[in-house]
Amino acid sequence: MKTRLKLILILISYLFVSCSDDISHQMIGEWKISDMRVTMKNVPEQLLTNAKTLSLATSYQFKNDGQYCMTISKNSLEHGRKHKGEMILDPKNNQIHLKTDSLLVEKNGNWALIEKNDLNRPLFQSMSLKIEQITSNQMILSEKESNGVIYYALDRINE
């Protein structure tokens, strides 16, 4: 009986570890936001329109070494911006935490570093996103706000 219980506990532990490895492995690569949905009430329409414009111009690159890059391409509201830093995966809660340490802006077609943190602290408040769903080609992320939730659909752009 004790052997059977130990075997069951080992199997359960293995399943948790393999699931967390699976999520991190599936996330590696380049993703582009293809849709945004908001469940907030009483938000001005222009604010929602601007948020959608920025979202649809945003892509993410998640790397094997735990680094990430979020790029907002040039659009009607932005000249182009990149956030680079550390990605921390919390598979227990299906969360990713993005801690920015470098901010770059696009100037004349080139990326210029405008702020870098050398003190091992994030430049900006870290961003936490919940992984609602992930497949090999699509990921649904959510971001809690004070009065609701923003959902992002991301499509893989490179294998």
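I began with Thr71, which sits in strand E3, residues 67-72. I kept in mind that this is a predicted model.

Is Thr71 buried or exposed? I found a relative accessible area of 13%. Thr71 counts as buried because 13% falls under the 20% cut-off.

Next I looked up what touches Thr71, setting aside neighbours within four places in sequence. I noted contacts with Ala57, Thr58, Ser59, Arg81, Lys82 and Trp111.

Rolling a probe the size of a water molecule over the atoms shows where empty space is left. The largest pocket holds about 530 Å³ of space. I counted 26 lining residues, and those closest to the centre are Met70, Ile72, Met127, Glu143 and Tyr152.

Which elements line the largest pocket? I listed E1 (29-38), H2 (45-56), E2 (58-62), E3, E4 (81-90), E5 (95-107), E8 (138-145) and E9 (148-158), each with at least two residues in the lining. Helix H2 gives the largest share, 5 residues. By type, I recorded 18 nonpolar, 5 polar and 3 charged residues in this lining.

My last entry is on strand E7, residues 127-134. How do E5 and E7 run? They are antiparallel, joined by 4 bridges. Here I saw His97 opposite Ser128 of E7.

E7 also pairs with E8, in the antiparallel sense, over 4 bridges. I found Gln133 bridged to Ile140 in E8. How many residues lie between E7 and E8 in their hairpin? I noted 3.

Methods: Residues are numbered from 1 along each chain as its sequence is written. This is a predicted model: local features need pLDDT of at least 70, side-chain atom pairs count only at pLDDT 80 or more; totals for chains, interfaces and linings use all residues. Side-chain values use heavy atoms; hydrogens and water are left out. Buried means under 20% relative accessible area, exposed over 50%, partly exposed in between (1.4 Å probe, protein chains only). Contact means heavy atoms within 4.5 Å. On a 1 Å grid over the protein atoms alone, a cavity is a set of points where a 1.4 Å probe fits but cannot get out, and a pocket is an open set with protein on both sides within 12 Å along at least five of seven lines; lining residues have an atom within 4 Å of a point. Grid points are joined across faces, edges and corners, and a volume is the space filled by probe spheres set on the points. Ala, Val, Leu, Ile, Met, Phe, Trp, Tyr, Cys and Pro count as nonpolar, Asp, Glu, Lys and Arg as charged, and the others, Gly among them, as polar. Two strands pair if DSSP finds at least two bridges between them.
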